[in-house]
Protein chains: 2
Amino acid sequence: MLNQPTDIDRLLHALGDPTRRRIVEQLGSGPASVTAIATPLPMSLPAVVQHLQVLERAGLVSTRKVGRVRTCRLEAERLDTVEAWISARRQAWERRLDRLGEVLADPPPDSRPEPQPEEPS
Amino acid sequence: MLNQPTDIDRLLHALGDPTRRRIVEQLGSGPASVTAIATPLPMSLPAVVQHLQVLERAGLVSTRKVGRVRTCRLEAERLDTVEAWISARRQAWERRLDRLGEVLADPPPDSRPEPQPEEPS
DNA sequence: GCCATGCTTAAGCAGGCACTTGACTATTCG
DNA sequence: CGAATAGTCAAGTGCCTGCTTAAGCATGGC
């Protein structure tokens with residue numbers, strides 16, 4: 001944990017907080033100012049700004065200040081990164097399960113790779 | 001945050017930690033005992049057990065103790081929950097962008113729903 | 001120019017989280 | 001029966017997080 005956080009790290013951590021997910025969902029219906037985001041939330045404005053900074057560091061929202069109002073926009077493509085991470089792993093596991101299935105369906109006499117822990121009943 | 005954590009909450013929080021993701025990835029190549037999981041990790045065994053508890057509360061791994069060895073198994077379907085959450089939101093946003101695209105392509109004289117902040121210039 | 005608006009900055013605080021060590025229990029093996 | 005192995009439990013530590021309040025600083029409308 002003394003390591004600097006990676007990309008997927010910041011993403012998952014940012015999405016791990018319910019307040020931030022709520023912000024993300026609200027931002028899904030269009031860009032909004034900081035106060036517009038903060039108003040429905042049960043906390044102070046600086047707290048919301050801190051959440052927004054976490055989301056921005058994760059790349060999930062981009063902000064732009066014009067005049068005295070900062071407008072926040074959702075960066076939806078960033079979710080592709082998360083989805084990619086998930087489906088990559090899922091595919092790997094499914095391949096493994098497929099191979100396991102083949103072995104179970106047609107067990108050649110000595111192709112057990114590893115003494116898998118099997119309960120001896 | 002004084003709220004009790006929801007399902008997706010526990011999932012995203014569990015996956016938000018690099019050590020836990022590493023455990024998940026290692027478990028992707030088959031079930032393993034606690035010490036087998038702990039050995040490659042640069043921390044004490046109790047620390048690993050605590051990570052495993054977080055993963056178990058999230059439903060991402062299930063464990064089973066037979067004799068003195070506890071075997072941990074990955075619950076891959078749990079990632080479907082995360083993927084579902086993501087793609088549900090993404091679809092909603094894409095629908096919105098589609099509608100926005102339609103409006104921009106063929107603007108009927110009075111169907112602007114909201115004064116959306118659009119950068120001047 | 002003046003006041004309201006919209007943020008920003010700084011400091012501080014409570015609780016959570018990721019660890020540690022040390023002592024203990026339960027199982028297997030020689 | 002020991003002794004090694006596998007995990008458990010409890011307590012404690014330090015850092016990180018999610019807040020707070022209070023003050024400050026621009027911008028915009030009158």
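I looked up the contact between the two chains and found that 29 residues of chain A and 31 residues of chain B take part; two residues are in contact if their C-beta atoms, placed from the backbone, lie within 7 Å. On the side of chain A that touches chain B, H5(A) gives the largest share, 10 residues. I sorted the residues of that side into 13 nonpolar, nine polar and seven charged. Nonpolar means Ala, Val, Leu, Ile, Met, Phe, Trp, Tyr, Cys and Pro, charged means Asp, Glu, Lys and Arg, and the others, Gly among them, are polar.

I noted that this is a predicted model, in which local features need pLDDT of at least 70, side-chain atom pairs count only at pLDDT 80 or more, and totals for chains, interfaces and linings use all residues. Residues are numbered from 1 along each chain as its sequence is written, while chains are lettered from A and ligands numbered from 1 in the order in which they are written.

Next I checked the sheet of chain B. It is open, with three strands in the order S1-S3-S2 and antiparallel pairing. Strands (E, at least two residues) and helices (H or I, at least four) are DSSP runs, numbered from the N terminus, and two strands pair if DSSP finds at least two bridges between them. I found S1 and S2 of chain B at the edges, each with a single partner strand, so one side of each has no neighbour in the sheet. S2(B) and S3(B) pair over six bridges, and B:Val61 stands opposite B:Leu74 in S3(B).
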